Amino acid sequence: MASDPGLIRLLSASSTVCAVLLTLGVLAALHAPIPILVTGALTATVSTVAVTEPRPRDQAVTLAAGAPVTLAIMTIGTVLRPYRVAADAVFVLLIFSAIWIRRLGPRATSLGVFAFQIFFVTQFAETRVEQLPQLSLAVLVAFGSSALIRFAVLRSPPERTLARLQRAFRVRLARVLDALIEVAECGPEAPRAERAVDVLHRYVARLHTGALMIQTRLGTGPPDGRTAAAIRRRVAEAEMAVERLAILVLRVLRPGADVDTLTRYPAKARRAESSIDAWDTVMLPALISELRELRVLIRPDRLRPAGADSVEAPDRLLGYRDDEHLPDASPAMQDAFRCAGDFADALCGLGLTSQDQDTSGAERSREELTAKDPGSGREVVRKREGSRIRPTTRSALQIAAGSALAVVGGELLSPQRWYWAVFTCWVVFISTTSTGEILVRGYRRLIGTVVGVVAGLALAALIGDDPWPAFALVILSVFGMYYTTAVSYTLMSFFVTTMLGMLYALLHVLTPDVLVVRIEETALGIACGLAAALLVLPVRTQERTDQLLMDVLERLRAALSQSLARLGGEPGGNLAGLAHALNSDLDSLRRSVQPLISPISPLRSRRRTALCALGWLETAAFHTRGLAATVDVMPAGVRLGTDPWVVAEAARIDRNLATVIGHVAAGGKEGSSLERGRGVPARLGVGSGGARAVDVHAARRVLRHLRHVDESIQGLARTLELPVRDNS
């Protein structure tokens, strides 16, 4: 549940395997020959994985439209197979069309995949015209099997997937808390403490991924707008609370470490650590005990211990938010206890505490969940003038050019197996947007292919001429291929090549020379893809990362301005939606920058710069999300946004962000500089409606988040070699 949120990968792999098995069973009962079985199995695979719409009704329409398209392409590919030049020209045209029509939405994308993959199947299985009736039957059986598995056997409606994602989020919350308890029990002593902190960082990153999956699923699932907004807000609040709790515990354990966030890309070196405070050493067991109480709250109801303590613990934890029963310790330790109360309140909002508890914190959480949705969350970010060529057109032209090169090179290398080069050129382009991403995906595919060739030869030698073990290994490889796609592209390529080795064994054409040609054609396809990416409307990695960096900074600026508007008494829009958009853009930037931060990258200076910039951005994004989450639940009486000091500092931060965005847009050639002002104050008075201790501490939290955002923007500016002048 924790490693596969929503069981999405498991269901995808299982659905594909079941569809293939059902197709093979029906065709075998009809005494179909091996080539027809292979064609049916590959068609079942394509018809299962190519349909990606979240709603069952949309999936059914796409499958219904895909069947005639597949039959038409199967007929065209079979008729043209003996005519190499015509088949090659049609193949390249299909590739261009399949990418170009992606602009029309997910259904057009699926139909394009059907067209490309089925034409490839006709070339791979070497289908003949006289087999068309059997091939058509195999296609219809494959689509019927896919529909039966999808809509009956392994039916997974959006609401069920969302419920699984929420359970996975709870499990990942528990993992983070377990890691935090281990960190606290280890204390600041190395080396065990460092390993425990690394585990904590890893679990926090996984929690963030799970929260992002929930936020994305809410945009396509069944909940109405108000319910979706409430879930989105509470998930974000729980994620922020547990991460802030981890930061505060680390600050207690390492007073001189200056821990701002749990980013895996540190933007600055840690300061020399000082020893833990004597009072805090005495109170540390009590803090660990409260962390364990929080861990108990995350358990399912049936696993919670019965008794009075199970009811008193949430009340006690929630009381820390109002400074009730706080220990006599350092301010850092007291902040950790307060944050434990905030986390308990977030758990109440998520429904992770016992149903029969009727604490004041739970009541507040229910009130927040039923509050009116403040907006749609579709905030407008300033559009920038870019290339007039659409991304789909650019990609279509690049892939078509690369495929044409691969066809020519593949025919020269092996007239019988030329299509492997074309297929490789296709897959290295999918979901990539820059030359660096294509290079990284290419070398991963080559490694997986080489290892898969060795495995395929070894397995073929073991099974001999018996077809059923080969089919069983094909099924296992199909499962492994789709279960590991989102985890490791190298593993996926390994399973693809192993599956192909078994299919060649079934077709009685498997020899070491065939698999060596497979490696050569794969390398050729990667080279053709890179050549096309470099020569046809190229998008350099730096250009792509600069564009995504500006997107992140624009989102950051919008979230800050809307949060401060809410603090000033204005509506402020949907802050949870803005935070989700910021998360999504930052996640896209992380993927795009992978070629620069890869350990094999020879550009060591650029790698260090990219890692440092990512660290500052993640720190700024964390505190911006924290600011939005805190402001989202603050009462209307707290009007920090109207304080002249905060207004002045917010305006300066906004100008600094605009300067950084302009610097990136100008390619680092703009001569502006950032302003370093007086700094955000640590304390300000709250309005007349904010007399409660919890509101005072929330106001302090807002100021701390704002101060850290300011520091992170200045750190990012220095990383980008943009000067910062003192204007205090």
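Helices (H or I, at least four residues) and strands (E, at least two) are DSSP runs, numbered from the N terminus.

## Basis of the model

This is a predicted model, in which local features need pLDDT of at least 70, side-chain atom pairs count only at pLDDT 80 or more, and totals for chains, interfaces and linings use all residues. Residues are numbered from 1 along each chain as its sequence is written, and side-chain values use heavy atoms, with hydrogens and water left out.

## Largest cavity

A cavity is a set of points, on a 1 Å grid over the protein atoms alone, where a 1.4 Å probe fits but cannot get out; lining residues have an atom within 4 Å of a point. Grid points are joined across faces, edges and corners, and a volume is the space filled by probe spheres set on the points. Four cavities of 30 Å³ or more are found in a search of the whole structure.

The volume of the largest cavity is about 140 Å³. It is lined by 16 residues, of which Ala236, Ala576, Ala579, Arg625 and Ala629 are the closest to its centre. Two or more lining residues come from each of α8 (192–218), α9 (225–253), α21 (575–592) and α23 (604–632); α21 gives the most, with five residues. The lining comprises nine nonpolar, three polar and four charged residues. Here Ala, Val, Leu, Ile, Met, Phe, Trp, Tyr, Cys and Pro count as nonpolar, Asp, Glu, Lys and Arg as charged, and the others, Gly among them, as polar.

## Second largest cavity

The second largest cavity holds about 100 Å³ of space. Its lining includes Arg244, Ile247, Leu248 and Arg251, together with Asp260, Phe622, His623, Arg701, Arg704, His705 and His708. At least two lining residues are supplied by each of α9, α23 and α25 (693–719). By class, the lining of this second largest cavity has three nonpolar, three polar and five charged residues.

## Residues with positive phi

Most residues other than glycine have a negative phi. Histidine 325, which is not a glycine, has a positive phi of about 60°. Histidine 325 is located in the loop between α11 (309–319) and α12 (331–350), and it counts as exposed because its relative accessibility is 66%.

Leucine 537 likewise has a positive phi, near 45°. This leucine 537 lies in the loop between α19 (512–535) and α20 (541–567). With 28% relative accessibility, leucine 537 counts as partly exposed. Buried means under 20% relative accessible area, exposed over 50%, and partly exposed in between, with a 1.4 Å probe and protein chains only.

Definitions and conventions: 1 Å grid on protein atoms, 1.4 Å probe; cavity = no way out; pocket = protein on both sides within 12 Å on 5 of 7 lines; lining within 4 Å.
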